[in-house]
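Open the model in your viewer and keep the selection tool at hand. This tour tells you what to pick next and what is there.

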Amino acid sequence: CLGSMVAINRNVLKVATELDKDFRAMNRRRADLWEHARLVIWADAVDREIAALHDWSRRLIERDRALWFPYITKADVRALLVLMVVGILFNAGISWVEQGTLAAKDLVPLGVWCMQIASALEQVRNLDRIINWNGPAIRAMRDDLEIPNDVPEHPQAVPVPDGPVGITLRDMGYCYADGDPVLKSVSLSVAPSEKVAIVGKSGSGKTTLMRLLQREMDVASGGIEISGQELRRLRKSSWRRTVGHIPQRPDPLNDTLRANLVFGLTEEEAATWSDAALWQVLASVELGSRKRFKKGLDTLIGKRGLDLSGGEQQRLMIARALVKKPRVLLVDEDTSSLDAEMEEEVQRAIDTALGTDVTAVIIAHRLATIANVDRVIVLQDGRIIDQGTHVELFERCDLFRRLCTKQKISYARAS
């Protein structure tokens, strides 16, 4: 009996250790997705990630039950057998004492055995607590990822029309709760394949405009049209697969280089990308050095891209957008935290992305990064105050000229 208990306990320790590692891995993945909630939503990966976590947790729970339920049964059987044996021995001992063949003091060991039985039963009861330990955490994880979306799907939503995409902002306005209007009667047309930059001082409404284009929220007044279709009447999944987003702050996953590149693609779409094709995309944004990544595309880049420089993180985000093959590119550019060399590298990567036949809207913080756009829109206090080429705006728009002067940039017309 003792030998069987030792063997069972060793097996439990071995399997439980592996289970604990897998539970921790799942919780790390859940925490990583929660930290990157906006990325998950924008990549249209909410349902897929919830389903994957649900399946992962289900398989872990099944393994957990397969480990503990037999163990509990065996523990109960052992306890019952010990109880029966002790009961028989105790009754026999009493009988022997009555017959004078056993001293009363010899009944003490029987009492000790009874205490051991009680201890064993207490351990069995504790096992039930261990089994249910992870259940509430898993349910809470699911609840976190299933928070209702504030942007409802139209009941008759349609996919984004095929072909190049044009964007029209029609008398658009937005106001956050209990606040002043952030955007006021903004009207703008972006032709298919046109590259447009939005500039303005902090607080002018640039970020709000970008979030509305991403449909993280809906306009309060007016509307946004995509190739003649109201954005609110388009399927959210179709729009998010049409758009590539390069965020202001890099948000790489704590995963491999490959996983970061194909994140947001379906399994079928990801399978179409060979290693050579992914390396080609990385090379186009100056991340193609295989010596830099010792395990190739399976190199872990660390939490929040810890193993990458700031410039490398931003170029990885651009590469991810390129892998998606978007028809619309939304760029929230911010290279202010980079040195001159890194800024130049990131700018070349952005130019690579803009070189494709996409419609692009760029929120520009440093005017040097928008030298190759077709048109510049100047935003002030939630309104468009002017638009045109760099040279035209430098000549006639005081705000644009002040922004250029502050950053030591000149767009004077050639004589």
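Select Y176: at 31% relative accessibility, this residue counts as partly exposed (buried is under 20% relative accessible area, exposed over 50%, partly exposed in between, with a 1.4 Å probe and protein chains only). The model is predicted: local features need pLDDT of at least 70, side-chain atom pairs count only at pLDDT 80 or more, and totals for chains, interfaces and linings use all residues. Residues are numbered from 1 along each chain as its sequence is written, and side-chain values use heavy atoms, leaving out hydrogens and water.

Y174 and Y176 form an edge-to-face aromatic pair, 5.0 Å centre to centre with 85° between the planes (ring centres of Phe, Tyr or Trp, the latter by its six-membered ring, lie within 6.5 Å; planes under 30 degrees apart are stacked, over 60 edge-to-face, the rest tilted). The structure holds 1 aromatic pair.

Now select strand 1, residues 167–175. Strands here are DSSP E runs of at least two residues, helices H or I runs of at least four, numbered from the N terminus. Strand 1 runs antiparallel to strand 2, joined by 6 bridges (strands pair if DSSP finds at least two bridges between them). Pick T168: its bridge partner in strand 2 is S189.

Widen the view. 4 strands form an open antiparallel sheet, ordered 2-1-4-5. Strand 2 (181–190) and strand 5 (229–230) are the edges, each pairing on one side only.

Last stop: R292. It lies over the face of F293, 5.4 Å from the ring centre (NZ of Lys or CZ of Arg is within 6 Å of the centre and within 35 degrees of the ring normal).
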